[in-house]
Amino acid sequence: MMEKIQRFGGAMFTPVLLFSFSGIMLALTIIFKNPMLVGSIANEGTFWYNAWSVVESGAWTVFNQMELLFVIGLPIGLAKKANARAAMEAVVTYLTFNYFVGSILEHFGKTFGVDYAGSADSGTGLKMIAGIKTLDTGIVGAILISAIVVWIHNRYFDVKLPEFLGIFQGSSLVVIIGFFMMLPIAILTAWIWPKIQLGIGSMQGFLAASGVFGVWLYTFLERILIPTGLHHFIYTPFIFGPAVVEGGITRYWMDHLNEFSRSTEPLKKLFPEGGFALHGNSKIFAAPGIAAAFYATAKPEKRKKVLAILIPVTLTAVLAGITEPLEFTFLFIAPVLFVVHALLAATMAATMYAFGVVGDMGGGFIDLLAKNWIPLGANHWQTYAIQLVIGLAFTAIYFLVFRFLILKFNFATPGREADTADVKLYSKKEYKEKMAGAGGPAIEGANQYTEAAAIYLEGLGGSDNIANVNNCATRLRIGVHDETLVQPDEVFREGGAHGVVRNGKAFQIIVGLSVPQVREQFENLLKFNQNLEGDGQ
């Protein structure tokens, strides 16, 4: 069950990757359309203003079609076969569901307590999705419908129908089954969801009123659950869903960024819900402190090597907000440090919130600049000065606490491990011969990621031991048939991995930001080996 939940969480991350760029572009258009920042050239009606309005309309794409992105993203990550067809089936079925809901409310809206004649605006419970006026089920509805379609697809896509019904098999059969399933689901949604919307409204009030403790608890859970992959379930309802504000914090923040930039009211008063999007501060301010502690405690003769490892992963964490390569560098060596990290990250966010810092700060420093500091700095620089002081103070706290714990308990963090021989699965010469097809056919599409993929495949017990393959932002997620065949972590580190999460038959190899390319080569190797077996080689 945990493996399925982790795969589900990883699949949800596929569309999330698109939000960072779109958010930055939106922030830039808002900056360039603000006369307070760029002068009279940005007055409404000028060519400059109109040109950036065109760019802004495109930048809204991801946010305006958020539901469709999640509908498409889940099949890409979860379908066991024909992922592209599964994505198409999910979109068609999701649109069918919304047409059903819209029509039910149009004819029977009063029965369900919904005023369908009203406008589909914020706060009405209605929304226009792909041109359909329907209930605003947000990403929750999108994920639920898409998950149902993935289940239908995995179960019925390969069903063979009689020859005279052959036109209805494959994707057609999946959509047909989905069509008849969506009608009762749409009726249940029209009946139940308005009540859920009332409950969400109550929860929003509770969380917003929970203040500093609520922010602390949210940030702690978001960090501490990273090793399990379940942190997606913590932040997604807040950042992209209706947990504290309708439409999610990211959408709401971008909608009101111009308004906030012109106001001199404290940001916390304008948008108190923004306290639940401060978790990115731990990516920006914690990473340098942790890296400095690792470097300071490393053996003198290993410090150059440690520095070479730490610089890229720290920059990735600070600038892009991807912390897993750094965190997994020490997580499995000293898990207690990860717990301390989660506690400090939560305390930093709660402290910032207590001093009035709010916003959309879930990413790295680039996100922070584009979506917070630059557009809002003119009227809210005092808030960001406080944020910077608190952040740098916690950088020092991280360094001191991590250095103390590493030395006190002699944790084998990078540069302090025992001198052991490197573990290799096969030599470079053997690898190059295999890639060149020595003694057999060449591997199609082999590139610089193939070696790492080959090492991981062998470390997982070979092709015959692989049950399923998936990935999230930085992790290659593998299900195996026999977990006893999987090699120790040192084998995977030989391929550049930062660590391995082991949970029964479910394994997560911490690859880094190149994980999509590594997964592609991993799957190419699987096909290559299957072809060899099929040819009797």
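A cavity is a set of grid points where a 1.4 Å probe fits but cannot get out, and its lining residues have an atom within 4 Å of a point. The close-up views below are taken from a predicted model.

**View 1. The second largest cavity and its lining.** A search of the whole structure finds two cavities of 30 Å³ or more. The second largest cavity holds about 40 Å³ of space. Its lining consists of Ser282, Lys283, Ala287, Ile290, Ala317, Thr323, Leu326, Glu327 and His341. Of these lining residues, four are nonpolar, three are polar and two are charged. Helix 14 (281-297) and helix 16 (324-331) each contribute at least two residues to this lining. Helix 14 gives the most, with four residues.

View 2. Strand 6 comprises residues 506-510; five of its five residues are buried, so the strand is largely enclosed by the rest of the structure. In a regular strand the side chains alternate between the two faces of the sheet. Both faces of strand 6 are covered, with Ala506, Gln508 and Ile510 buried on one side and Phe507 and Ile509 buried on the other.

**View 3. The strands paired with strand 6.** Strand 4 (residues 475-480) runs antiparallel to strand 6 and is joined to it by five bridges. Within this pairing, Arg477 has Gln508 of strand 6 as its bridge partner. Strand 5 (residues 500-503) also pairs with strand 6 in the antiparallel sense, over four bridges. Here Asn503 stands opposite Ala506 of strand 6. Strand 5 and strand 6 form a hairpin with two residues between them. In the turn, Gly504 has a positive phi of about 65°.

**View 4. The salt bridge between Glu56 and Lys33.** Side chains of opposite charge can pair when their charged atoms come close. The structure contains 10 salt bridges. In one of them, Glu56 is joined to Lys33, with the closest N and O atoms 2.5 Å apart. The pair links distant parts of the chain, 23 residues apart: Glu56 belongs to helix 4 (residues 47-59), and Lys33 to the loop between helix 2 (19-32) and helix 3 (35-38). Glu56 has a relative accessible area of 14% and is therefore buried, the cut-off for this class being under 20%. Lys33 is likewise buried, with a relative accessible area of 10%.

**View 5. The salt bridge between Asp360 and Lys371.** The side chains of Asp360 and Lys371 meet in a salt bridge, at 2.9 Å from N to O. Asp360 lies in the loop between helix 17 (335-354) and helix 18 (365-409), whereas Lys371 lies in helix 18, so the pair ties together parts that are 11 residues apart in sequence. Both Asp360 and Lys371 are buried.

**View 6. The salt bridge between Arg519 and Glu523 in helix 22.** Arg519 forms a salt bridge with Glu523, and the closest N and O atoms are 3.2 Å apart. Because the two residues are four residues apart in helix 22 (residues 515-534), Arg519 and Glu523 are separated by about one helical turn. Arg519, at 14% relative accessibility, counts as buried. Glu523, at 28% relative accessibility, counts as partly exposed.

Conventions:
Residues are numbered from 1 along each chain as its sequence is written. This is a predicted model: local features need pLDDT of at least 70, side-chain atom pairs count only at pLDDT 80 or more; totals for chains, interfaces and linings use all residues. Side-chain values use heavy atoms; hydrogens and water are left out. On a 1 Å grid over the protein atoms alone, a cavity is a set of points where a 1.4 Å probe fits but cannot get out, and a pocket is an open set with protein on both sides within 12 Å along at least five of seven lines; lining residues have an atom within 4 Å of a point. Grid points are joined across faces, edges and corners, and a volume is the space filled by probe spheres set on the points. Ala, Val, Leu, Ile, Met, Phe, Trp, Tyr, Cys and Pro count as nonpolar, Asp, Glu, Lys and Arg as charged, and the others, Gly among them, as polar. Buried means under 20% relative accessible area, exposed over 50%, partly exposed in between (1.4 Å probe, protein chains only). Two strands pair if DSSP finds at least two bridges between them. A salt bridge is a side-chain nitrogen of Lys or Arg within 4 Å of a carboxyl oxygen of Asp or Glu.
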